[in-house]
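This report covers contacts, cores and aromatic pairs. Please keep the sequence and the 3D view at hand while reading.

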Amino acid sequence: MAKCNPKYLALSVLVVLTTVIVLTLRYSRKDHDSEEKYLSTTAVAITEVVKMGFCLTVVFGKNGYSVSDFLGQLQQEITLWDTMKLIIPAGLYTLQNNLLFLALTHLDAATYQVTYQLKILTTAMFSVLMLGKQLNALKWFSLLILMTGVILVQWPSEGQQSAEVVGDKSAAMRTAGLVAVITACFSSGFAGVYFEKLLKKSPQSIWIRNIQLALFGIILGFAGVLIYDHQPVMEKGFFQGYNKLTWFVVVLQAVSGLAIAAVVKYADNILKGFATSLSIILSAIISYFILGDFQPSGLFALGALLVITATFLYGYAPSTTEPAKPNKKTDIRQV
């Protein structure tokens, strides 16, 4: 029986996870006549709690479920000064999660998914500035294609233009969603590169780093609840509007951050490009046939095609391996 290729398994996990997260988030934030909306700030805060629980469980398991070894590792690796370095990415990730909830409230799933690919551009930019990475001409060309594709995706059709004239409120909400997702792209790019820099310069595992991130995420998440939704929480409770789907969204959000860490050992840029591209297609198809909140146009199809092409080009790394040249000295000795 043939063994499953880890790369294709990781590809499937990434595609399904990314698509399901976008669609469930979008559906959970839709207006339902008989249902009360949950507060996105509380969902973000609870997601960090669930994420920390997952990470602590993994570290506990890696210590053979020994309480003394588990506590010893936490005490040894989680120091105050080292943990404080994580406050920047933790704050940005918390901001990003709130922005994504806002974006998915005002945008259809497919438009959100394609626009969010701008994080490739911001990640590349911060990688060059902060890590000193060199990008070849092909990668910069792919980024240019990406920007062109996103512009085409956002270009309104004639029907949308007419609707915007009649309903300025709808256009304003869509603009707010676009601003939110673009800001999230910059937040994601900077936080990701900053976190990568920390990981490469420290011996801690990615699970320990995620525990430190979640610690600040919990603090900042609940601070967001206090600042933005204190009154609604006091009136109707912290878990107002929660149902099975809401908890599913919370768990998905927590797992998504950890699943990438689990599959990254098998993944490369090409694999991530496949996952991102296929997720865009799946989100558009499901959003059209099931959610009914997306009407694809010719410009959207062209823009999506350009984004998918750019994703493949950005992840493409031509082989530079050259045939081994015979060692003349070795050959002479062998003769």
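Of the contacts between residues at least 6 apart in sequence, 85% join residues at least 24 apart. The model is predicted. The protein has 16 helices and 0 strands. Of its 335 residues, 44% are buried. The protein exposes about 18,500 Å². Carbon and sulfur atoms supply 66% of that area.

**Nonpolar cores**

The largest nonpolar core holds 48 residues. Leu25, Tyr38, Phe101, Tyr112, Tyr116 and Phe300 touch the most other members. Take Tyr116. Leaving aside residues up to four places away in sequence, Tyr116 touches Gln96, Leu100, Val181, Ala184, Cys185 and Ser188. Another core, of 11 residues, lies apart from the largest one. Ile208, Ile211, Ala214 and Leu258 are among the members of this other core.

**Aromatic pairs**

How many aromatic pairs does a search of the whole structure find? The search returns 10. One of them joins Phe126 and Phe190. This pair is edge-to-face, with 5.3 Å from centre to centre and 80° between the planes. Which parts does the pair tie together? Phe126 lies in helix H7 (residues 119-131) and Phe190 in helix H10 (residues 168-200), so the contact links parts that are 64 residues apart in sequence.

Phe239 and Trp247 form a tilted pair, because their ring centres are 5.6 Å apart and their planes meet at 35°.

| Residue | Relative accessible area | Class |
|---|---|---|
| Phe126 | 14% | buried |
| Phe190 | 26% | partly exposed |
| Phe239 | 44% | partly exposed |
| Trp247 | 37% | partly exposed |

Phe126 counts as buried because its 14% falls under the 20% cut-off. Phe190, at 26%, is partly exposed.

**Helix H7**

Back to the helix that carries Phe126. Which residues of H7 are buried? They are Ile120, Thr122, Ala124, Phe126 and Ser127. An α-helix has 3.6 residues a turn, so residues three or four places apart point the same way. Just after H7, Gly132 takes a positive phi of about 70°.

Methods. Residues numbered from 1 in each chain as written. Predicted model: local features only at pLDDT ≥ 70, side-chain atom pairs only at ≥ 80, totals over all residues. Heavy atoms only, no water. Phe/Tyr/Trp six-rings, centres within 6.5 Å; stacked < 30°, edge-to-face > 60°. Helix = DSSP H or I, 4+ residues; strand = E, 2+ residues; numbered from the N terminus. Buried < 20%, exposed > 50% of the residue type's maximum accessible area, 1.4 Å probe, protein only. Contact = heavy atoms within 4.5 Å. Areas by Shrake-Rupley, 256 points an atom, 1.4 Å probe, with all protein chains shown as cover. Core = buried A, V, L, I, M, F, W, Y, C linked by side-chain atoms within 4.5 Å.
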